[in-house]
Amino acid sequence: MKTLDYLIKKYNLDTSQKSPKSPIEIPGVGRLDLLRWLRELDFKTGVEVGVEQGRYAELICEMNTQMKVWGVDPYLKYEGYREYPDQKWMDGLYEVMLEKMKSYIDGNQFKIIRKKSEDALADFADESLDFVYIDANHEFDYPLRDIEGWWPKVKKNGILAGHDFVRVNTWNFTIKDALKEFTEERNIPYFVLGLYKKERGVVRDRSRSWMIIK
């Protein structure tokens, strides 16, 4: 089944009146639902860009035993990325991730690639991945560069997604701008998981995820 048809049927989405300039919100879902979709669509290959401690990587592997998953993260402190204080902190995150992901690494389901996002692109052929999830540097031109870089690696009917569809006043998050520019240039829609408005009892991640279907 085509991925878009699957989601339209599952959530009774009306995409006919939506402009590519604004996102299509899928109500009552979060990024755990995204992982369930991967299983139901029988996706086989995936990449997480920005692994940190491995929290989401662990869930991807746990909920999708049919998938081979790569994690891309240099675990390097570099100028312009102020979220982490120093290299010692980064090394600590790497060790936590290795411990958390040990069983998946030993079982050859998960492999870590210690490279920056743009450097890791060469490790994957175009249209070789069912799924890419971006949760890396959200500031300046990094989000657009990641979206543009990983989009060719996604297969037709695959999903390119990411975390933190949000603006943060104290940080220069540009994810919304990057998605708007990327989708408008290609005249394609993008989706946001969960509604902007919070309602009691309705699933909505604190920081919503986004996705584009190829």
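**Pockets and cavities**

Analyst: Let's start with the second largest pocket: its lining is made up of Phe165, Val166, Lys176, Tyr196, Arg204, Arg206, Ser207 and Arg208. This is a predicted model, where local features need pLDDT of at least 70, side-chain atom pairs count only at pLDDT 80 or more, and totals for chains, interfaces and linings use all residues. Residues are numbered from 1 along each chain as its sequence is written, and side-chain values use heavy atoms, with hydrogens and water left out.

User: How do the residues lining the second largest pocket divide into nonpolar, polar and charged?

Analyst: Ala, Val, Leu, Ile, Met, Phe, Trp, Tyr, Cys and Pro count as nonpolar, Asp, Glu, Lys and Arg as charged, and the others, Gly among them, as polar. On that scheme the lining splits into three nonpolar, one polar and four charged.

User: How much space lies in the largest cavity?

Analyst: On a 1 Å grid over the protein atoms alone, a cavity is a set of points where a 1.4 Å probe fits but cannot get out; a pocket is an open set with protein on both sides within 12 Å along at least five of seven lines, and lining residues have an atom within 4 Å of a point. Points are joined across faces, edges and corners, and volume is the space filled by probe spheres set on them. The structure has two cavities of 30 Å³ or more, and the largest holds about 70 Å³.

User: Which helix gives the most to the lining of the largest cavity?

Analyst: Helices here are DSSP runs (H or I, at least four residues), numbered from the N terminus. The cavity's lining includes Pro143, Asp146 and Ile147. The top contributor, with three residues, is helix 7 (residues 142-150).

Methods
Helix = DSSP H or I, 4+ residues; strand = E, 2+ residues; numbered from the N terminus.
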